Amino acid sequence: MNVIELLADLQAQHDETTARAGELRDQIQHLTAALAETEARLADLTTTRKVIAELTPAGDQPAPPETNTAYQAIVNTFNQHPDQEFRARELHELLGMPTDEASVNITRSRLGRLTRQGFLIQPGRGRYQKRNNRPLIVAPVTT
């Protein structure tokens, strides 16, 4: 093997290794984004679990079945004000609902579910707005 063939072989290996490094960088970026999404979902689930644990009645009494009136009132508010942004606490104040942290956290969870389902968008942190002008029709939530 002469020097020219050796240099050509080294250049080919260099090019292959550079391409592979680029592929690995892309994979790392994709996995980093997926990890961030998963960690955010985990944080949401942890918060939801804590809220539910706080609301669970003490002792052996079964929890009363959840009514969908609060959930439907929230959906109706977005239908009535499609261009307006709301925070969870603002919705509670507007609807005359309790503004304690546990109640507002439940509403945040509901708003997050509506956002993940594509009915709402988040134009800012903690703000929610209807995605389009079609009425929201949400099936009752079963627990």
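Student: How are helix 2 and helix 3 oriented relative to each other, roughly parallel or roughly perpendicular?

Tutor: Happy to take you through it, with the reminder that this is a predicted model. Helix 2 covers residues 69–80 and helix 3 covers residues 88–95, and the two pack at an angle of about 95°. Angles of 65 to 115 degrees count as roughly perpendicular, so helix 2 and helix 3 are roughly perpendicular to each other. Their axes lie 11 Å apart. On the helix 2 side, the contact is made by Ala 73, Ile 74, Thr 77 and Phe 78, and helix 3 contributes Leu 91, Leu 94 and Leu 95.

Now look at the loop between helix 2 and helix 3, where you will find Glu 85. Glu 85 forms a salt bridge with Arg 127, with 3.8 Å between the closest N and O atoms. Because Arg 127 sits in strand 2, this pair ties together parts that are 42 residues apart in sequence. Both partners are partly exposed: Arg 127 has a relative accessible area of 23%, and Glu 85 is at 31%. Salt bridges with shared partners also bring in Glu 90, joining Glu 85, Glu 90 and Arg 127 into one network.

Strand 2 spans residues 127–130 and also holds Lys 130. Lys 130 is buried but has no salt bridge, and the nearest side chain of opposite charge, Asp 83, is 8.5 Å away. The side chain of Lys 130 does make a polar contact of 3.1 Å with the side chain of Asn 79.

How values were computed. Residues numbered from 1 in each chain as written. Predicted model: local features only at pLDDT ≥ 70, side-chain atom pairs only at ≥ 80, totals over all residues. Heavy atoms only, no water. Helix = DSSP H or I, 4+ residues; strand = E, 2+ residues; numbered from the N terminus. Buried < 20%, exposed > 50% of the residue type's maximum accessible area, 1.4 Å probe, protein only. Lys, Arg positive; Asp, Glu negative; His and termini not counted. Salt bridge = Lys/Arg side-chain N within 4 Å of Asp/Glu carboxyl O. Polar contact = N/O pair within 3.5 Å; in protein donor to acceptor, adjacent residues only side chain to side chain. Axes fitted to C-alpha atoms, helices over the stretch in contact; angles between N-to-C directions. Parallel < 35°, antiparallel > 145°, perpendicular 65-115°, else oblique. Contact = heavy atoms within 4.5 Å.
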